[in-house]
Amino acid sequence: NSLLAVMETFDKGHGKCDCGRCKCDEGWLGDACQYPANCDLTKKKSNQMCKNSQDIICSNAGTCHCGRCKCDNSDGNGLVYGKFCECDDRECIDDETEEICGGHGKCYCGNCYCQAGWHGDKCEFQCDITPWESKRRCTSPDGKVCSNRGICVCGECSCHDVDPTGDWGDIHGDTCECDERDCRAVYDRYSDDFCSGHGQCNCGRCDCKVGWYGKKCEHPRSCPLSMEESIRKCQGSATLPCSGRGKCECGKCTCYPPGDNRVYGKTCECDDRRCEDLDGVVCGGHGTCSCGRCVCEKGWFGTLCQHPRKCNLTEEHSNSLCESADGILCSGKGSCHCGKCLCSAEEWYISGEFCDCDDRDCDKHDGLICTGNGICSCGNCECWDGWNGNACEIWLGTEYP
């Protein structure tokens, strides 16, 4: 238990263990003989040594004795512990059953880690999905459950943080795929030395500013252009540098994803992924893709060449296939052609099988819907391979320019 852990930590040379209890040498006190009877520290120095990262003495859960925290333990169960008494396992006790984590998990530093099939702050709820489905939802793009950096609880990943008492989780993401520690030159949880100060940390990878390169943006790159000139060359007539689909370095664009020839052009203006539907079929099999736009074969039309010009359905039959559940034809926001809804072109954001979706509901990043790295499908971003995040803003590929 927690008390034994404390004893194992501190019972080194200041006493002897007798039947689970420490018998201290002369001049030492405490359950684990960790406190000297006579202290040569000033009270100010002692209190300074007892402050946690928020400058609170013993986390307000204990008293400071000669630079070491003595945690409150009125019930004798050792549920408050840690160097600064920062861990309080009383937080794990279920109010109804009075069991730790409801008897369905283990407590670590005041947080419950539940057994498979259970979830909740105190592991009080059973999962309503199968273990197989839970594992599927937790599997990261590299095929590992929670990227081997967390545990899967009812289809959701609980990421292992290097310091569970900290305010910010260095490891995060739906499947714990992001590890911000990889962006630091020297790992120090409380420093802001991300990407050597020359870039932005994006899911554990450094996106370097113009003029810098390297895994952690540690190497300067010589470029005769100013940053403004470089960005201007990368932007061209687009609204964003590299059309929001690449990285600008010294006036030249490197398009994402690296090595994918579907994204190309001087300013990454051509994105042939836009010619594909969610199943990867190009232009519905009835056309060719040219710089992200479908050129349809004779007899077909639509953004993805998905509509035949000729129709062998009666108007009545066609309209019946276009009616939504409320009986309205194409939700009143489009016209019906051969049993398929053609959404109003004037309202670009209207989409869906019955024109019932609003693409403005999809998340944006840098002003772009789905960051330009996925398809907006009825209010939710469906990301292309290698991208993740609510707005497909996180690149997960192994190659990173």
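This is a predicted model: local features need pLDDT of at least 70, side-chain atom pairs count only at pLDDT 80 or more; totals for chains, interfaces and linings use all residues.
Threonine 267 lies in the loop between strand S23 (263-264) and strand S24 (270-271). A disulfide is a covalent bond between the sulfur atoms of two cysteines. In this model, pairs of cysteine sulfur atoms within 2.5 Å are taken as disulfides, and the count comes to 32.

**Threonine 267 and its surroundings**

- Threonine 267 has a relative accessible area of 11%, and it is therefore buried.
- Leaving aside residues up to four places away in sequence, threonine 267 touches Lys233, Cys234, Gln235, Gly236, Cys242, Ser243 and Cys253.

**The disulfide of cysteine 71 and cysteine 85**

- Cysteine 71 and cysteine 85 are joined by a disulfide, with an S to S distance of 2.2 Å.
- The link of cysteine 71 and cysteine 85 is left-handed, with -100° about the S-S bond.
- This pair connects distant parts of the chain, 14 residues apart: cysteine 71 belongs to strand S6 (residues 68-71), whereas cysteine 85 is in the loop between strand S7 (80-81) and strand S8 (87-88).
- Cysteine 71 and cysteine 85 are both buried.

**The disulfide of cysteine 195 and cysteine 206**

- The sulfur atoms of cysteine 195 and cysteine 206 are 2.2 Å apart and form a disulfide.
- The angle about the S-S bond is -95°, and the link of cysteine 195 and cysteine 206 is left-handed.
- The link again spans distant parts of the chain, 11 residues apart: cysteine 195 is in the loop between strand S16 (178-179) and strand S17 (199-202), and cysteine 206 is in strand S18 (residues 205-208).
- Both cysteine 195 and cysteine 206 are buried.

**The disulfide of cysteine 296 and cysteine 305**

- A disulfide connects cysteine 296 with cysteine 305, at 2.1 Å from S to S.
- The link of cysteine 296 and cysteine 305 is left-handed, with -95° about the S-S bond.
- Cysteine 296 counts as partly exposed because its relative accessibility is 26%, a value between the cut-offs of 20% and 50%.
- Cysteine 305 has a relative accessible area of 0%, so it is buried.

- Cysteine 19 counts as exposed because its relative accessibility is 77%, which is over the cut-off of 50%.
- Cysteine 22 has a relative accessibility of 16%, so it counts as buried; the cut-off for this class is under 20%.

**Spans listed in UniProt**

- An unreviewed UniProt entry lists residues 13-33, 92-123, 192-217, 234-268, 275-305 and 362-392 under "domain: Epidermal growth factor-like".
- Over residues 234-268, the chain is 6% helix and 29% strand, and the end C-alpha atoms are 9 Å apart.
- Residues 362-392 are 0% helix and 45% strand, with end C-alpha atoms 10 Å apart.

**Tryptophan 395**

- Tryptophan 395 is part of strand S38 (residues 394-395).
- Tryptophan 395 is buried because its relative accessible area is 7%.
- Between tryptophan 395 and cysteine 178 there are 10.0 Å in space, C-alpha to C-alpha, although these residues are 217 residues apart in sequence.

Notes: Residues are numbered from 1 along each chain as its sequence is written. Side-chain values use heavy atoms; hydrogens and water are left out. Helices (H or I, at least four residues) and strands (E, at least two) are DSSP runs, numbered from the N terminus. Buried means under 20% relative accessible area, exposed over 50%, partly exposed in between (1.4 Å probe, protein chains only). UniProt positions are given in the numbering used here, feature names are shortened, and annotations may be inferred rather than shown by experiment. Contact means heavy atoms within 4.5 Å.
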